[in-house]
Amino acid sequence: MQSTNLYQKFIELKKEIEKHKWIESEKKGNDIGFEKALVDWVTKHRNGWVTHRFK
């Protein structure tokens, strides 16, 4: 049960990063790549997402 919960949290996190990747890629007019989206999302949004998601 614990590993399933951890996996679900991982999937939610990955979806947020993929959504950020899509938004930023649309703004730039080309695919920014997952790694750049990940670093950008962690820098700009992680703390707020964690605070909101795990209240």
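The model is predicted, so local features need pLDDT of at least 70 and side-chain atom pairs count only at pLDDT 80 or more, while totals for chains, interfaces and linings use all residues. Residues are numbered from 1 along each chain as its sequence is written, and side-chain values use heavy atoms, with hydrogens and water left out.

Start with the overall layout. The chain has three helices and zero strands. Its pattern along the sequence is α-α-α. Helices (H or I, at least four residues) and strands (E, at least two) are DSSP runs, numbered from the N terminus. The C-alpha atoms fill a box of roughly 40 × 20 × 15 Å along the principal axes.

Of the 55 residues, 16% are buried. Buried means under 20% relative accessible area, exposed means over 50%, and partly exposed lies in between (1.4 Å probe, protein chains only).

Next come the salt bridges. The structure holds five of them. A salt bridge is a side-chain nitrogen of Lys or Arg within 4 Å of a carboxyl oxygen of Asp or Glu.

Take Lys14 and Glu18. Their side chains meet in a salt bridge at 2.6 Å, N to O. Both sit in helix α1 (residues 2-28), four residues apart, so about one helical turn separates them. Lys14 is partly exposed at 33% relative accessible area. Glu18 is partly exposed too, at 35%.

Lys27 and Glu24 also pair up. Their closest N and O atoms are 3.1 Å apart. They are three residues apart in helix α1, so again the separation is about one helical turn. Glu24 is buried, at 13%.

Asp31 and Lys21 form another salt bridge, with closest N and O atoms 3.0 Å apart. This pair links distant parts of the chain, ten residues apart: Asp31 lies in the loop between α1 and α2 (34-44), and Lys21 lies in helix α1. Asp31 is exposed at 54% relative accessibility. Lys21 is partly exposed at 21%.
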